[in-house]
Amino acid sequence: MGHAQTTSPGRLRSALHKLTSSDRVLEAEDLREEAGRLGGTPVADLPDRQMACVCGTVRSVTLRPRAGVPALVAELYDGSGVLKVVWLGRRQIQGIQAGAKLRVRGRVAQRDGKSIVFNPSYELLSGCE
């Protein structure tokens, strides 16, 4: 007598979700999960004027002078939102480039409804740690 192989509803639901969701949605879910494993606070949950740790992928890096001082600006995406990371007095930082995975720590400020951190400490991450 053979045993019928059954698929749990959770596995079926997960497979169906992966088949019907866009790449962007799946990427966001993966990033949120990875950020959580790495100890990061979701960008969507960042408290104003509090210290926080955020893990994510650099989407873009630009040089934007502020009051005549160079400022390197990176957009860090964690799947829940974008954190603007600004290093004042810097024109470039080795390893800070689009696609890099970063963990940043610093005091969060809210500017025009968006989260921003100035001169954070940071770690370059290699894949999932």
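Close-up 1. W87 is buried, with a relative accessible area of 4%, where buried stands for under 20% relative accessible area, exposed for over 50% and partly exposed for values in between (1.4 Å probe, protein chains only). This is a predicted model, in which local features need pLDDT of at least 70 and side-chain atom pairs count only at pLDDT 80 or more, while totals for chains, interfaces and linings use all residues. Residues are numbered from 1 along each chain as its sequence is written, and side-chain values use heavy atoms, with hydrogens and water left out. Rings of Phe, Tyr and Trp (its six-membered ring) pair if their centres lie within 6.5 Å, and planes under 30 degrees apart count as stacked, over 60 as edge-to-face and the rest as tilted; the count under this rule is 1 aromatic pair. The ring centres of W87 and Y122 are 5.6 Å apart and the ring planes stand at 80 degrees, so the pair is edge-to-face. Because W87 belongs to strand β3 (residues 82-88) and Y122 to strand β6 (residues 121-125), the pair ties together parts that are 35 residues apart in sequence; strands (E, at least two residues) are DSSP runs, numbered from the N terminus. Y122 is partly exposed, at a relative accessible area of 33%.

**Close-up 2. The nonpolar cores.** A nonpolar core is a set of buried Ala, Val, Leu, Ile, Met, Phe, Trp, Tyr and Cys residues joined through side-chain atoms within 4.5 Å. The largest such core has 18 residues, and L76, L83 and W87 are those with the most contacts inside it. At least two residues of this core come from each of β1 (51-63), β2, β3 and β4. Leaving aside residues up to four places away in sequence, W87 touches, among others, P70, L72, I93, L102 and Y122, contact being defined by heavy atoms within 4.5 Å. A second, separate core of 5 residues includes V73, V86, A109 and I116.

Close-up 3. R103 is buried at 10%, whereas E123 is partly exposed at 31% and R105 is partly exposed at 39% relative accessible area.

**Close-up 4. The salt bridge between Arg49 and Asp48.** The side chains of R49 and D48 meet in a salt bridge with an N to O distance of 3.9 Å. R49 counts as exposed at 63% relative accessibility, and D48 as partly exposed at 35%.

Close-up 5. D78 lies in the loop between β2 (71-77) and β3 and counts as buried, at 1% relative accessibility. The side chain of D78 reaches the backbone nitrogen of V43 at 2.8 Å, and a polar atom of this side chain also lies 2.8 Å from the backbone nitrogen of S80.

Technical notes: Helices (H or I, at least four residues) and strands (E, at least two) are DSSP runs, numbered from the N terminus. A polar contact is a pair of N or O atoms within 3.5 Å; within protein, one must be able to donate a hydrogen and the other to accept it, and residues adjacent in sequence count only if both atoms are side-chain atoms. A salt bridge is a side-chain nitrogen of Lys or Arg within 4 Å of a carboxyl oxygen of Asp or Glu.
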